[in-house]
Amino acid sequence: MKRNYFVVAIAIAVCVVMFAACGGGGGGGGSSSGGGSGDGSVYYLNFKPEQDQQWQDLAALYTELTGVKVDVITAASGQYETTLKAEMAKREAPTLFQVNGPVGLASWDEYCYDLTGSQVLGELTSDEFALMSGSEVAGIGYVIETYGIIYNKALLSQAGYTQDDINNFADLKAVAEDITARQGELGFAAFTSAGMDPSSDWRFKTHLANMPIYYEYKADGIGSTPAIKGTYLDNYRQIWDLYINNATVAPTMISTKTGDDAVAEFVTGQGVFYQNGTWAYGDVSVIGDENLGMLPIYIGVAGEEQQGLSTGTENYWCVNKEASAEDIQATLDFLYWCVTSAEGISALCEDMGFVIPFHNNLPASNPLVNIANDYIDQGYVPVAWTFPTMPSETWKNDLGSALTGYAAGTADWEAVRAAFVDGWAAEYAASN
């Protein structure tokens with residue numbers, strides 16, 4: 001099967017199985033027929049609410065085919081870490097869970113079964129997607145995702161513009177502010193509301209904050225830091241100002257808005273632009289594939305005309321080594337079936353709309369994924385996901401509170417700077 005260009009470009013893969021011949025720690029295989037694992041069972045604590053039903057259906061199908069019980073529980077949006085802590089304390093703890101990268105792994109490393117030598121690991125297209133803990137494989141990335149500024153082509157055209165008119169921050173600002181100036185005439189705003197409740201604030205305290213971190217890392221030639229400098233905080237401020245001052249609601253109202261509000265505003269034509277990712281296709285597809293576009297998040301950095309969309313993963317499967325040997329094996333078998341069987345691959349790639357870093361990845365049916373492919377095919381440079389290096393959830397939450405206070409007028413930008421820079425150093429020191 002022809003590999004998806006998206007996976008090729010992002011993984012920088014050479015399509016060899018780096019770990020198939022590795023010995024040591026993990027073992028664990030799984031039968032390619034999905035034949036079950038004796039008395040073992042699987043309990044998956046799913047991170048993605050938007051794919052809950054698809055995981056429920058896939059679990060039921062696997063149980064029907066193999067007789068192996070698979071339970072899927074899905075954490076509420078923004079509540080995964082809290083839910084994981086509660087579930088791990090129970091006697092019947094998850095056998096399969098997720099961490100978001102090296103920082104998340106630091107909290108759960110002691111629970112992670114070594115996946116070295118497992119069959120599911122051998123299905124990865126590149127070791128880029130193996131999350132290491134020393135010499136052990138603690139997790140496996142299972143989905144590559146992309147985010148940017150999703151937009152409604154029909155509304156943008158109605159305002160007199162096309163994507164060709166927006167190639168940097170100055171362009172985006174000019175278009176957004178023109179739409180705001182003519183909002184009464186046009187009947188819609190530039191941006192949907194920047195909801196700052198837990199169902200939505202991650203779009204700004206994490207995904208938008210990735211932009212100044214990415215550019216600082218790029219400028220300094222690093223991949224992480226114990227003390228962020230905030231070199232591009234002025235750029236972060238100007239994109240945040242653009243969002244909140246050209247939206248469907250006043251800046252003082254964003255603390256009352258949710259992720260559902262933003263979706264509703266987008267699909268009912270109240271706002272042209274909506275920051276989110278490929279995973280949101282199911283929410284926005286109602287406007288029609290022909291009307292969906294996606295722009296890079298421009299923040300006013302030199303050379304951003306060649307910037308692509310923000311692409312990476314923070315989704316790593318981990319197997320609970322505290323589970324029984326039977327449940328561990330059942331979980332490994334289930335994962336291998338998910339990434340090799342026709343049913344599993346169809347569910348992941350078609351039903352869930354994932355681009356997966358495994359050999360059997362299918363061409364995307366999600367048009368937002370295909371837009372990401374086009375950017376890469378045209379030579380635009382993807383923005384790497386640096387937010388897994390953020391020092392803690394506390395750091396994110398404090399930044400989100402500061403952004404909300406700034407928008408409401410109860411705090412100035414210095415509070416954002418302090419949360420971003422001083423908070424980073426403090427949280428890094430506390431966890432290392």
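This is a predicted model: local features need pLDDT of at least 70, side-chain atom pairs count only at pLDDT 80 or more; totals for chains, interfaces and linings use all residues.
Trainee: How does the radius of gyration of the protein chain stand against the globule rule for 432 residues?

Mentor: The protein chain holds 18 helices and 12 strands. The globule rule gives 22 Å for 432 residues, and the protein chain is as compact as a globular protein of that length, because its radius of gyration is close to that value, at 22 Å.

Trainee: Which residue forms a salt bridge with Glu145, and where in the chain is that partner?

Mentor: Glu145 lies in strand β6 (residues 145-152), and the pair links distant parts of the chain, 97 residues apart. The closest N and O atoms of the two side chains are 2.6 Å apart, and both Glu145 and its partner are buried. Glu50 also belongs to the network of salt bridges that links these residues. The partner, in the loop between β1 (42-46) and α2 (52-66), is Lys48.

Trainee: Is Lys205, which forms a salt bridge with Asp201, buried or exposed?

Mentor: The closest N and O atoms of Lys205 and Asp201 are 3.1 Å apart, and Asp201 has a relative accessible area of 11%, which makes Asp201 buried. Buried means under 20% relative accessible area. Because its relative accessibility is 7%, Lys205 counts as buried.

Trainee: Which residues gather with Asp109 in a patch of negative charge on the surface?

Mentor: Asp109 is placed in the loop between α4 (102-108) and α5 (119-122), and at 30% relative accessibility Asp109 counts as partly exposed. The residues that gather with Asp109 in the patch are Glu110, Glu136 and Glu322.

Conventions. Residues are numbered from 1 along each chain as its sequence is written. Side-chain values use heavy atoms; hydrogens and water are left out. Patches are made of residues with over 30% relative accessible area and no salt bridge: like charges are joined within 9 Å, nonpolar side chains (Val, Leu, Ile, Met, Phe, Trp, Tyr) within 5 Å. Accessible areas come from the Shrake-Rupley method with a 1.4 Å probe; for residues, only the protein chains shown count as cover. A salt bridge is a side-chain nitrogen of Lys or Arg within 4 Å of a carboxyl oxygen of Asp or Glu. Lys and Arg count as positive and Asp and Glu as negative; His and the chain ends are not counted. The place of a charge is taken as NZ of Lys, CZ of Arg, CG of Asp or CD of Glu. Helices (H or I, at least four residues) and strands (E, at least two) are DSSP runs, numbered from the N terminus. Buried means under 20% relative accessible area, exposed over 50%, partly exposed in between (1.4 Å probe, protein chains only). The radius of gyration is taken over C-alpha atoms; the globule rule is 2.2 Å times the number of residues to the power 0.38.
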